[in-house]
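Please look at the sequence and the model first.

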Amino acid sequence: MRVGKKQVLLVAILLSFIVVLTAIFLAYCSYRYDKVMEVDISAGINEGMYETIGGTQQWIQIRGRDRNNPVILWLNGGPGFSTIPQTFFHVPLEKDFTVVMWDQRGEGKSYAFTGPSIAPTMTIERMAADGVELAEFLKQHLGVDRIVIMGHSWGSILGVRMALMRPDLFSAYIGTGQVVNLREAMELEYPSILDMAREAGNEQSVEELEAAGPPPYSRVNDYMIPIRWANAFDAVAPSEPGRANTLAAIWAFFRLFVLTDRSVREGIAFSQDLMMEPMLDEDVPGLGTDFDIPVIFIQGSEDKLSPTAMVRHYYESISAPEKKMIILDDAGHLAILRNRALFRDALLGIKPLLTTNEG
């Protein structure tokens, strides 16, 4: 059957029409996204910049709707998982807090600037010192006496070190997905991770977990198997963007999965290769348990990488002016990312603990 010129022309017109409609739709989604992300800088702040930290250029982002709110320095997980490309999904936090996201050395835009040449300086000690230097900069740049540290997973290792090193810079430490001893956690939780994989009927995860067997492992890469599947089966109830922001969220996802610079993905692989073994070796309680600032843990009840029992035991050993442990039911290790409304409510509940601003 021969296709006539008219049929070809009609198909071309139809495809062109679809392309135009798609472009218009995405343009409107982009417009809605920009409206959500807009900040009135007469009252708030919206900045992104490279700053020299630890002798190298590192990228920081500062956003908030009211400069009088507490400043939270968010130390992301990973290692290497920049949260900056996900900013849209955390905009609700900006009403009550000034949120600083930081691409640590070896990740995101900081990795884009240095490339792999930064590798020789990638140590936990150096990166915690970077965090302290950044806090000193933020204190001066934002005109505040103290800031809040919020460390997630890998970032909680840096956060504890920073809080112990320079408590004079901080009004409180918040740990979520708080690492205690990741190697021991994997030994403890391997059976339950395997059970989750079997219950989910995920053949690939069961095969990989059974092939690896229970830890301890002689190879660092083997630990990535239970860690990866624990995150894949993390107990979550994803926050919805809300009906009014659905179109904006479409553009946010498009930006995240299509437009995000490849340096973000490269930084993840680069940082994990270098820092996973030091992360596994870190025994956080061994750093010290006497804090001079309030300590708050926000813990997902179903966390498999930072098991609740292990985190509670660490929490009970801590001495601090004030301390609080908040359990988020039916949430897991990634609660800060995937249970955003629940996590935000927990932060609002402790806001009075975070507003100390005395030098």
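The model is predicted, with local features needing pLDDT of at least 70 and side-chain atom pairs counting only at pLDDT 80 or more, while totals for chains, interfaces and linings use all residues. Residues are numbered from 1 along each chain as its sequence is written, and side-chain values use heavy atoms, with hydrogens and water left out.

**Overall dimensions**

The chain holds 13 helices and eight strands. Helices (H or I, at least four residues) and strands (E, at least two) are DSSP runs, numbered from the N terminus. Along the principal axes, the C-alpha atoms fill a box of roughly 80 × 55 × 40 Å.

**Pockets and cavities**

Both kinds of space are found on a 1 Å grid over the protein atoms alone: a cavity is a set of points where a 1.4 Å probe fits but cannot get out, and a pocket is an open set with protein on both sides within 12 Å along at least five of seven lines. Lining residues have an atom within 4 Å of a point. Grid points are joined across faces, edges and corners, and a volume is the space filled by probe spheres set on the points. For the lining classes, Ala, Val, Leu, Ile, Met, Phe, Trp, Tyr, Cys and Pro count as nonpolar, Asp, Glu, Lys and Arg as charged, and the others, Gly among them, as polar.

| Space | Volume | Lining classes |
|---|---|---|
| Largest pocket | about 1,100 Å³ | 20 nonpolar, 14 polar, four charged |
| Second largest pocket | about 410 Å³ | nine nonpolar, five polar, four charged |
| Largest cavity | about 60 Å³ | six nonpolar, one polar, two charged |
| Second largest cavity | about 40 Å³ | three nonpolar, three polar, two charged |

The largest pocket has a volume of about 1,100 Å³. It is lined by 38 residues, and F81, Q86, L334, L337 and R338 are the closest to its centre. Two or more lining residues come from each of α7 (220-232), α8 (246-259), α9 (262-281) and α11 (335-338). Helix α9 makes the largest share of this lining, with six residues.

In the second largest pocket, 18 residues form the lining, and Q61, I84, P85, K109 and R255 lie nearest the centre. Here α1, β2, α8 and α9 each give two or more residues, and α8 gives the most, with three.

There are three cavities of 30 Å³ or more. W74, F89, H90, P92, L93, I336, R340, F343 and R344 line the largest cavity, to which helix α12 (residues 340-349) gives the most, with three residues. The second largest cavity is lined by Q61, R63, T87, H90, V91, E94, V99 and M101. Strands β2 (56-64) and β4 (98-103) are the elements that give two or more residues to this lining.

**Surface patch**

V11, L14, L15, F17, I18, V20, L21 and I24 make a nonpolar surface patch of about 750 Å². One of these residues, F17, sits in helix α1 (residues 5-37). Patches are made of residues with over 30% relative accessible area and no salt bridge, with like charges joined within 9 Å and nonpolar side chains (Val, Leu, Ile, Met, Phe, Trp, Tyr) within 5 Å. Accessible areas come from the Shrake-Rupley method with a 1.4 Å probe, and for residues only the protein chains shown count as cover. A salt bridge is a side-chain nitrogen of Lys or Arg within 4 Å of a carboxyl oxygen of Asp or Glu.
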